[in-house]
Amino acid sequence: RVYHEEKGLYGYRRVTAVIRNAGTLVNKKVVERLMVALDLRSLVRPKKYRSYKGVVGTIAPNLLERNFLAQRPNQKWVTDVTEF
């Protein structure tokens with residue numbers, strides 16, 4: 001009943017939690033076995049990609065201006081931070 005009320009979105013863990021919250025003591029393994037026997041499988045929805053994390057902070061000034069030539073060691077250190 002719980003599985004069909006939730007339109008097939010709940011798996012055995014959430015079905016077990018709903019039954020337990022209703023006051024019935026039940027083991028998750030029993031619910032899992034029954035769902036397998038009745039061929040009830042939860043619908044797994046793909047997660048949407050969300051890259052927006054909020055307001056972007058201040059952008060650091062480009063001090064190097066693509067001039068990567070250094071006169072001595074450890075004068076210029078660079079890295080790729082496009083991922084971040």
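**Figure 1. The largest nonpolar core of this predicted model.** In this predicted model, the largest nonpolar core brings together eight residues, namely Val2, Tyr3, Tyr10, Tyr12, Val15, Val26, Val31 and Met35. The elements that give two or more residues to this core are α1, α2 and α3. A nonpolar core is here a set of buried Ala, Val, Leu, Ile, Met, Phe, Trp, Tyr and Cys residues joined through side-chain atoms within 4.5 Å, and buried means under 20% relative accessible area, exposed over 50%, and partly exposed in between (1.4 Å probe, protein chains only). Helices are DSSP runs of H or I with at least four residues, strands are runs of E with at least two, and both are numbered from the N terminus. In soluble globular proteins, nonpolar side chains tend to be buried together. Residues are numbered from 1 along each chain as its sequence is written, and side-chain values use heavy atoms, with hydrogens and water left out. Because the model is predicted, local features need pLDDT of at least 70 and side-chain atom pairs count only at pLDDT 80 or more, whereas totals for chains, interfaces and linings use all residues.

**Figure 2. Tyr10 and Tyr12, two members of the core.** Tyr10 lies in the loop between α1 and α2, and with 15% relative accessibility Tyr10 counts as buried. Contact means heavy atoms within 4.5 Å; when residues up to four places away in sequence are not counted, Tyr10 touches Val2, Tyr3, Val15, Val18, Met35 and Ser42. With neighbours within four places in sequence again left aside, Tyr12 is in contact with Lys28, Val31, Glu32 and Met35.

**Figure 3. Thr16 in helix α2.** Helix α2 covers residues 12–21 and includes Thr16, which is buried because its relative accessible area is 2%. The side chain of Thr16 reaches the backbone oxygen of Tyr12 at 2.6 Å, a polar contact being a pair of N or O atoms within 3.5 Å, where within protein one must be able to donate a hydrogen and the other to accept it, and where residues adjacent in sequence count only if both atoms are side-chain atoms. Apart from residues up to four places away in sequence, Thr16 touches Val26, Asn27, Lys28 and Val31.

**Figure 4. The start of helix α3 and the residue Asp39 that follows.** Helix α3 spans residues 28–37, and at its start a side-chain oxygen of Asn27 comes to within 2.9 Å of the backbone nitrogen of Lys29. Asp39 is placed in the segment after α3, and its phi is positive, near 55°, in a residue other than glycine. With 51% relative accessibility, Asp39 counts as exposed.

**Figure 5. The largest pocket and its lining.** About 240 Å³ of space lies in the largest pocket, and of the 13 residues that line this pocket, Arg1, Val15, Ile19, Val31 and Met35 lie nearest its centre. Helices α1, α2 and α3 each supply at least two residues of the lining, and the largest share, four residues, comes from α3. The lining residues divide into 11 nonpolar, one polar and one charged, where Ala, Val, Leu, Ile, Met, Phe, Trp, Tyr, Cys and Pro count as nonpolar, Asp, Glu, Lys and Arg as charged, and the others, Gly among them, as polar. On a 1 Å grid over the protein atoms alone, a pocket is an open set of points where a 1.4 Å probe fits, with protein on both sides within 12 Å along at least five of seven lines, and lining residues have an atom within 4 Å of a point. Grid points are joined across faces, edges and corners, and the volume is the space filled by probe spheres set on the points.

Figure 6. The side chain of Arg1 makes a polar contact with the side chain of Glu5 at 2.9 Å. Arg66 is exposed, with a relative accessible area of 68%, and has a positive phi of about 60° although it is not a glycine. Gly54, at 23% relative accessibility, counts as partly exposed.
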